[in-house]
Amino acid sequence: MKRMLFNATQAEELRVAIVDGQQLVDLDIESAAKEQRKSNIYRAIITRIEPSLEAAFVDYGAERHGFLPFKEVSRSYFKQGVEPSKARIQDALREGQELIVQVEKDERGNKGAALTTYISLAGRYLVLMPNNPRGGGVSRRVEGEERDELREVLDQLEVPQGMSLIARTAAIERSAEELQWDLNYLLQLWQAIDGAAQAQSGAFLIYQEGSLVIRAIRDYFKPDIGEILIDTDEIFDQAVQFMGHVMPQNVSRVKRYRDDVPLFSRFQIEHQIETAFARQVTLPSGGAIVIDHTEALVAVDVNSGRATGGQDIEETALRTNVEAADEIARQLRLRDLGGLIIIDFIDMESARNQRDVENRLRDALRQDRARVQTGKISRFGLLELSRQRLRPALAESSDIPCPRCTGTGHVRNIESAALHILRIIEEEAMKENTGAVHAQVPIDVAAFLLNEKRSDIQAIEFRHKVNVVLIPNVHMETPAYSVTRLRHDQLNQEGISPPSYQLIETPEPEAYQPPSQPGARAPRQEAVVKGITPAEPAPVPRPR
């Protein structure tokens with residue numbers, strides 16, 4: 001039986017897991033320290049128009065301005081008299097103009113949030129696009145006869161002019177009455193959002209996407225989920241209230257978990273969650289997949305490791321690749337990896353075996369909510385796929401770059417770092433009017449320079465007539481160092497210089513403030529529109 005588990009015993013994290021028996025199928029973690037703005041709706045002001053990028057930068061109330069491409073600007077915001085088909089951004093928009101925007105992609109690294117003026121409001125069965133008349137249809141995941149049936153039901157709904165709808169997969173086998181109820185609620189919500197936007201000016205948060213509890217039940221709950229277990233009263237009350245409004249017939253599936261054994265430990269998924277943070281994940285046959293992140297893509301390498309179950313090397317490769325295909329699809333969901341992903345499968349000679357692995361991967365990706373496009377295994381054994389980014393990747397919200405290697409995973413060894421510093425010292429010594437060169441270096445680097453390279457340092461001092469001072473710094477680790485060049489006039493001004501051990505630079509101590517303290521983070525914006533509930537109770541589904 002499938003279950004949805006909510007773990008909220010720690011105030012810093014709310015975790016939601018979908019399990020099938022004791023197999024972790026999907027995972028979502030919301031951190032109290034990191035605010036997620038995706039799908040939030042704001043009143044925003046254009047601060048700068050960049051014709052070279054065909055985009056505008058807008059202030060929507062966050063610290064960093066958002067990025068609004070011209071193609072994401074509704075024609076209703078264009079200046080009067082501008083021909084939409086031939087419009088340029090500098091002619092159609094102006095700085096200081098106010099508009100309603102929605103966050104399409106959260107901030108990532110140095111990139112600001114990606115915004116759009118085409119608003120989309122997600123309900124249980126439908127997605128309403130109130131200012132996009134040409135964006136309707138049926139979810140790509142719905143195929144065949146079900147797609148045709150959904151289109152027929154959509155045609156029966158009363159959709160206001162200038163708006164459009166997308167039917168979600170949850171709308172399959174739902175009556176027109178149920179979909180109309182969901183549409184009425186979304187129209188009610190849009191009226192409140194539009195009214196709040198017109199009521200005041202400036203940049204502010206109009207509507208905030210529901211909490212993780214509501215999002216998880218709305219997006220993940222399916223009839224095959226037998227029960228929803230929640231381990232805190234507050235989250236339990238939220239879930240019961242939401243289910244009572246949207247799916248009253250399923251309220252009985254929401255249950256309060258009160259056992260002494262932690263909820264996730266009861267279903268033995270804590271160690272499975274840890275695999276989502278590991279670089280290497282072991283496969284049942286003894287092989288492994290290794291996941292590495294780069295700026296441009298995510299690379300996944302499949303290794304046979306200790307896998308020896310096949311009768312020959314081809315069968316061993318096939319068996320390992322099939323296991324890897326299942327596990328890779330699962331890890332993409334758990335980590336929510338988005339963008340371009342390259343998988344290096346073990347080489348197989350048989351074209352049939354390659355097709356079997358491709359089909360196995362596509363089948364495993366069918367239960368992924370994200371949109372995934374897959375290629376074929378190339379003659380180099382590589383398979384490319386592109387996955388939609390639904391939310392920030394798990395590593396982005398829980399990891400920080402290593403302060404020593406700055407995220408590369410490697411540092412120079414002692415000898416290489418020492419030789420590099422030696423060359424920098426000579427480069428500084430060669431400059432005109434140099435009186436002395438002071439180098440702050442890690443202790444082990446200083447030991448190498450002062451012993452194995454003592455003659456080289458003396459040669460630099462003799463050749464360039466400068467004084468080289470090596471300062472072993474206990475606060476430094478490779479590859480960190482600093483080299484300071486002092487001119488003759490600086491030395492004359494300083495007079496008697498202090499002994500070298502007093503020149504050690506000490507880093508400024510950072511004042512620790514626990515993130516759970518109220519003053520640790522800037523106060524979050526409060527949404528103007530909140531607490532909107534359906535005007536009518538949800539219709540009871542008719543038995544089929």
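Colleague: In strand S19, which residue is the bridge partner of Val298?

Modeller: The model is predicted. Strand S18 covers residues 298-303 and strand S19 covers residues 339-344, and the two pair in the parallel sense over four bridges. Within S19, the bridge partner of Val298 is Ile341.

Colleague: What is the order of the six strands in the open sheet?

Modeller: The pairing in this sheet is mixed. Its edge strands, each pairing on one side only, are S16 (280-282) and S20 (372-374). Neighbouring strands are turned by 20° against each other on average, with direction ignored.

Colleague: What angle does the direction of helix H9 make with that of strand S21?

Modeller: Helix H9 comprises residues 351-365 and packs on the sheet.

Colleague: Is Ser74 buried or exposed?

Modeller: Ser74 is found in the loop between strand S6 (66-69) and helix H1 (89-92). Leaving aside residues up to four places away in sequence, Ser74 touches Thr117, Tyr118 and Asn131. The relative accessible area of Ser74 is 5%, and a residue counts as buried under 20%. Ser74 is therefore buried.

Colleague: Which side chain is joined to that of Ser74 by a polar contact of 3.1 Å?

Modeller: Ser74 belongs to the loop between S6 and H1. The polar contact of 3.1 Å runs between side chains, and the partner of Ser74 in it is Ser76.

Colleague: Is Glu54 buried or exposed?

Modeller: Glu54 is located in the loop between strand S4 (41-50) and strand S5 (55-59). Its phi is near 50°, a positive value in a residue other than glycine. The relative accessible area of Glu54 is 52%, and the limit for exposure is over 50%. Glu54 is therefore exposed.

Colleague: What is the value of phi for Thr406?

Modeller: Thr406 has its place in the loop between helix H10 (394-398) and helix H11 (414-429). With a relative accessible area of 60%, Thr406 is exposed. The phi of Thr406 is positive, in a residue other than glycine, and is near 55°.

Colleague: Which residue is joined to Pro479 by a cis peptide bond?

Modeller: Pro479 lies in the loop between strand S23 (467-473) and strand S24 (482-487). The cis bond has an omega of about 10°. The residue joined to Pro479 by this bond is Thr478.

Colleague: How far apart do the C-alpha centres of domain 3 and domain 4 lie?

Modeller: The domain assignment gives domain 3 as residues 278-398 and domain 4 as residues 414-502. The assignment also gives domain 1 (2-35 + 210-269) and domain 2 (40-207). Along its principal axes the C-alpha trace of the chain spans about 95 × 70 × 55 Å. The C-alpha centres of domain 3 and domain 4 lie apart by 50 Å.

Colleague: What percentage of the residues in the protein chain is buried?

Modeller: The chain has 14 helices and 24 strands. Its accessible surface comes to about 29,800 Å², with 47% belonging to carbon and sulfur atoms. Among contacts with a separation of 6 or more, residues 24 or more positions apart account for 67%. Of the 544 residues in the chain, the buried share is 44%.

Terms used. Residues numbered from 1 in each chain as written. Predicted model: local features only at pLDDT ≥ 70, side-chain atom pairs only at ≥ 80, totals over all residues. Heavy atoms only, no water. Pairing = 2+ DSSP bridges. Axes fitted to C-alpha atoms, helices over the stretch in contact; angles between N-to-C directions. Contact = heavy atoms within 4.5 Å. Buried < 20%, exposed > 50% of the residue type's maximum accessible area, 1.4 Å probe, protein only. Polar contact = N/O pair within 3.5 Å; in protein donor to acceptor, adjacent residues only side chain to side chain. Areas by Shrake-Rupley, 256 points an atom, 1.4 Å probe, with all protein chains shown as cover. Domains from an automatic or database assignment.
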